[in-house]
There are 2 protein chains.
Amino acid sequence: MDEQPQLAVSTVIFSLRDSELWTPLVRRIRQPFRDRWALPGGWVQPQEGLEATAARKLLETTALDPTYLEQLYCFGDIGRSPSGRVVSIVYWALVRPEQAELASDGENVRWFRADALPGLAFDHNRIVEYALWRLRNKMAYSSIAHGLLGETFTLAELRGVHEAVRGTTLDPANFRRQALAGGSIVPTGEHLVGASHRPPALYRYVDDALVDQGPLLVSASIRED
Amino acid sequence: MDEQPQLAVSTVIFSLRDSELWTPLVRRIRQPFRDRWALPGGWVQPQEGLEATAARKLLETTALDPTYLEQLYCFGDIGRSPSGRVVSIVYWALVRPEQAELASDGENVRWFRADALPGLAFDHNRIVEYALWRLRNKMAYSSIAHGLLGETFTLAELRGVHEAVRGTTLDPANFRRQALAGGSIVPTGEHLVGASHRPPALYRYVDDALVDQGPLLVSASIRED
DNA sequence: CCAAAAGTGTTAGGCTTACACCCATGC
DNA sequence: GCATGGGTGTAAGCCTAACACTTTTGG
């Protein structure tokens, strides 16, 4: 038992369906926790970056291509896996509704409502809990909602994302003003057609509407030596 | 080169001296980057939690006992160490001024101004940069300043911490009101004696003034299986 | 008494909230 | 025309920033 810890990468994935947050899980096909649901993931490869591993395993196991991917936390408690010491670097991802439609349920992949998960393998319930907290937090001060929407969207759709994640209802008038004042979305000039009632204007995010991750994203230019 | 990545833990430490942020670094005594300054740290031990490793190495190499310790980020780019793949789980810590006084400079430990570091080993400049960003961010919305102060303090001292970290000067009158309105500090009833001018009241943080880390801190009670 | 920092009062402006109201479309 | 969601207007209340002012000490 004195071997080096094993290094894993897992990802919590969120998508919106019917104004609810859903997350895909994979069925474990070996011990420990065989047949239990768990976060998609795999072992770190020597010649592959951590985020690249997260993206690759996500694609391999769930066929999803995320619009947003960020490191969540590194979990390394000694008791978290019964089979020996495992340190998991966990990412969290957002995927668009169209994506989620494509990657439907299968024998070994199933979507669950994010706030009503079954008992998962390892400490994965706790991890999803934390990812949800992070998503809700970030929703309040960033343009992260972008990751859950299509390229263009109405203000009602954008508001729907916020309402679903925050679990509250928001005043349409005030939401509109705040969203537009933020400066990260602009009208496309088009209007949504085919629906009942007055056709709403379509918007899109401006190109440089990056989610604030601090100096990490511009890291390459910071190195001094 | 196809071996498993090595797992390291490092810590960025901040303390306040002369209204400036300082950070202690250790001199590397072996290759790679021999004789360069680097973050204190060490390898993950099979039977020791990550945070425990951070605290232990911090004590061993710099003799410091932090008042605050939180995971910062996990760095795992493939090119970050010339000697092979190393994944570093980095923590950041705050220590009180008295502590920092005790742990003075030595042959292999030296304090630097956090915003004027030399060229460090590995990607450690980038890491400190990110830790600074996180500290500044957290200072704005939490009671993290607690970690840089003694048990009791005047409002001028508390304001000094905010001014030093944020790099701005703050209106004493408004700062006072906001600090007291927050509800996380209370007057001790004592006053600072010996100084010139009117003796300022002393304050302390209320016991439950925990810094918000989301569901991570209460994690033990969340596990469902 | 004077200088300087502690501490209080007051006002203007900005942002949020609540809600009244008009607009444009499908049926 | 009428129901419904899209979109605009507006006033009250809260929070912040700016700064005048009073208080209390050491010298």
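H4(B) and H5(B) are roughly perpendicular to each other, because their axes cross at roughly 100 degrees (65 to 115 degrees counts as roughly perpendicular). This is a predicted model: local features need pLDDT of at least 70, side-chain atom pairs count only at pLDDT 80 or more, and totals for chains, interfaces and linings use all residues. Residues are numbered from 1 along each chain, chains are lettered from A in the order written, and side-chain values use heavy atoms, without hydrogens and water.

**Helix H4(B) and its partners**

- The axes of H4(B) and H5(B), residues 172-181, come within 10 Å.
- B:Leu155, B:Leu158, B:Arg159 and B:His162 of H4(B) touch B:Pro172, B:Phe175, B:Arg176 and B:Ala179 of H5(B) (contact means heavy atoms within 4.5 Å).
- H3(B), residues 124-141, crosses H4(B), residues 155-166, at roughly 140 degrees.
- On the H3(B) side, B:Leu135, B:Arg136 and B:Met139 meet B:Val161, B:His162, B:Val165 and B:Arg166 of H4(B).

**DNA strand C**

- Around DNA strand C there are 19 residues, and A:Asn174, A:Arg198, A:Pro199, B:Arg176 and B:Arg177 come nearest (near means a heavy atom within 4 Å).
- H5(A) gives the most to this surface, with four residues.
- For B:Arg198, a polar side-chain atom lies 3.2 Å from a base nitrogen.
- A backbone N or O atom of B:Ala201 lies 3.0 Å from a phosphate oxygen.

Technical notes:
Axes are lines fitted to C-alpha atoms, for helices over the stretch in contact, and angles run from 0 to 180 degrees between N-to-C directions. Helices (H or I, at least four residues) and strands (E, at least two) are DSSP runs, numbered from the N terminus. Angles under 35 degrees count as roughly parallel, over 145 as roughly antiparallel, 65 to 115 as roughly perpendicular and the rest as oblique. A polar contact is a pair of N or O atoms within 3.5 Å; within protein, one must be able to donate a hydrogen and the other to accept it, and residues adjacent in sequence count only if both atoms are side-chain atoms.
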